[in-house]
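Trainee: Hi! I have a new structure open and I'd like to learn how to read it. Could you go through it with me?

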Amino acid sequence: MQLQRIHHVAIIASDYEKSKAFYTEILGLKVIAEHYRAERRSYKLDLALPDGGQIELFSFPDPPARTSRPEAAGLRHLAFVVPDVEEALAELRGRGVAVEEVRVDEYTGKRFAFFADPDDLPLELYEA
């Protein structure tokens, strides 16, 4: 098997419009396609990442909450590469997004910081 890269990450939003605005307006991701699936009473929004990957943002009626903190088993967070963590954090703060302090990866020496989407999904900015 030769895995090449991640194609997409799927996220289920509790408030579709709020999450759509967060990912498109605050994070600046471009919409590839948006579909309403009447039989599921669900939206599916495909968002483009700069490296060719995608985020699929879904809505479903009354999705159950997922434990995020304290640390729970399963996918922990989604990380985005940025050229300057401090600059990216300043932009997020300017848009009203709460961000954590910058940390340094003890193994790579790279700077990173966390913030969260509207459903408290942990997102990371990683300087590379």
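Predicted model: local features only at pLDDT ≥ 70, side-chain atom pairs only at ≥ 80, totals over all residues.

Trainee: Got it. What share of the residues is buried?

Mentor: Of the 128 residues, 36% are buried. Buried means under 20% relative accessible area, exposed means over 50%, and partly exposed lies in between (1.4 Å probe, protein chains only).

Trainee: And how does the radius of gyration fit a compact globule?

Mentor: It agrees: a compact globule with 128 residues would have a radius of gyration near 14 Å, and the protein has 15 Å. That radius is taken over C-alpha atoms, and the globule rule is 2.2 Å times the number of residues to the power 0.38. The C-alpha atoms fill a box of roughly 50 × 40 × 30 Å along the principal axes.

Trainee: Now the fold. How many helices and strands are there?

Mentor: There are two helices and eight strands. Both are DSSP runs numbered from the N terminus, with at least four residues (H or I) for a helix and at least two (E) for a strand. Along the sequence the pattern reads β-α-β-β-β-β-α-β-β-β.

Trainee: Which strands go together in the sheet with E1?

Mentor: That open sheet has the order E1-E4-E3-E2, with mixed pairing. Its edge strands are E1 and E2, each pairing on one side only. Two strands pair if DSSP finds at least two bridges between them.

Trainee: How do E1 and E4 run, parallel or antiparallel?

Mentor: E1 and E4 are parallel, with six bridges, and Ile11 stands opposite Leu57 in E4. E3 and E4, on the other hand, run antiparallel and are joined by five bridges. There, Asp46 has Glu56 of E4 as its bridge partner. E2 and E3 are also antiparallel, over seven bridges, and Val31 stands opposite Leu47 in E3.

Trainee: What happens in the turns?

Mentor: The hairpin of E2 and E3 has four residues between the strands, and Arg41 in the turn has a positive phi of about 50°. In the hairpin of E3 and E4, with five residues between the strands, Gly52 takes a positive phi near 100°.

Trainee: What about the other sheet?

Mentor: Four strands form an open sheet in the order E5-E8-E7-E6, and the pairing is mixed. E5 and E6 (103–104) are at the edges with a single partner strand each, so one side of each is left without a neighbour in the sheet. E6 and E7 pair in the antiparallel sense over two bridges; Arg103 has Phe112 in E7 as its bridge partner.

Trainee: Let's switch to H1. Which of its residues are buried?

Mentor: Tyr16, Ser19, Phe22, Tyr23 and Thr24 are buried in H1. Their cover includes E1, E2 (30–37), E3, E4, E7 and E8. After H1 comes Gly28, whose phi is positive, near 75°.

Trainee: How far is Ser19 buried, and what does it touch?

Mentor: Ser19 has a relative accessible area of 1%. Leaving out residues up to four places away in sequence, Ser19 touches Ala13, Leu57, Pro118 and Asp119. A contact means heavy atoms within 4.5 Å.

Trainee: Last topic: which residues touch the most other members of the largest nonpolar core?

Mentor: In that core of 25 residues, Tyr23, Ile55, Phe115 and Leu125 do. A nonpolar core is a set of buried Ala, Val, Leu, Ile, Met, Phe, Trp, Tyr and Cys residues joined through side-chain atoms within 4.5 Å. Elements giving two or more residues to this core include H1 (16–26), E4 (54–59) and H2 (85–94). H2 gives the largest share, four residues.

Trainee: And what does Ile55 touch?

Mentor: Not counting residues up to four places away in sequence, its contacts include Val9, Ile11, Tyr23, Leu45 and Phe80.

Terms used: Residues numbered from 1 in each chain as written. Heavy atoms only, no water.
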